[in-house]
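I opened this entry to record what I looked up, one item at a time. The coordinates come first and my notes follow.

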Amino acid sequence: QVQLVESGGGLVQPGGSLRLSCAASGSIFSVNVMGWYRQAPGKQRELVASITTGGIMNYAESVKGRFTISRDNTKNTMYLQMDSLKPEDTAVYYCNLRNFRFNSWGQGTQVTVSS
């Protein structure tokens with residue numbers, strides 16, 4: 001079992017920045033992929049960015065150049081630095097970890113971009 005705890009969401013003005021964190025504990029195992037997904041009102045959940053244990057990264061086209069994903073394997077923590085935020089980034093953001101045994105999700109954290 002894997003437990004995921006998220007932090008860093010909130011309200012920000014367009015053009016502002018937020019940094020999300022996700023701390024993992026439990027049966028993580030050394031080889032895994034972690035990612036951030038988001039779900040906006042009335043829309044399907046979509047992948048925002050992912051990163052493997054080895055540091056291979058993938059981004060949605062809509063966030064390339066604005067968001068940066070990273071992880072600290074010594075602390076089992078993943079981050080999402082979000083810059084130049086737009087109103088269309090407003091969504092519930094979910095942390096995900098997948099290994100050979102589990103596909104685990106956090107509870108989600110609300111990000112609202114509004115003036």
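**Loop residues**

I looked up phenylalanine 29 and found it partly exposed, because its relative accessibility is 38% (buried means under 20% relative accessible area, exposed over 50%, partly exposed in between, with a 1.4 Å probe and protein chains only). The model is predicted, so I note that local features need pLDDT of at least 70, side-chain atom pairs count only at pLDDT 80 or more, and totals for chains, interfaces and linings use all residues. Residues are numbered from 1 along each chain as its sequence is written, and side-chain values use heavy atoms, with hydrogens and water left out.

Phenylalanine 29 sits in the loop between E3 and strand E4 (33–39); strands (E) are DSSP runs of at least two residues, numbered from the N terminus. Its phi is positive, about 70°, although phenylalanine 29 is not a glycine.

I then turned to asparagine 76, in the loop between E7 and E8. Asparagine 76 is not a glycine either, yet has a positive phi of about 50°. Its 31% relative accessibility makes asparagine 76 partly exposed.

**Sheet**

I traced an open sheet of 4 strands in the order E1-E3-E8-E7, with antiparallel pairing (two strands pair if DSSP finds at least two bridges between them). Strand E1 (2–7) and strand E7 (67–72) are the edge strands, each pairing on one side only. I noted 6 bridges between strand E3 (residues 18–26) and strand E8 (residues 77–82). Arginine 19 has glutamine 81 in E8 as its bridge partner.

**Threonine 52**

I placed threonine 52 in strand E5 (residues 46–52), partly exposed at 24% relative accessibility.
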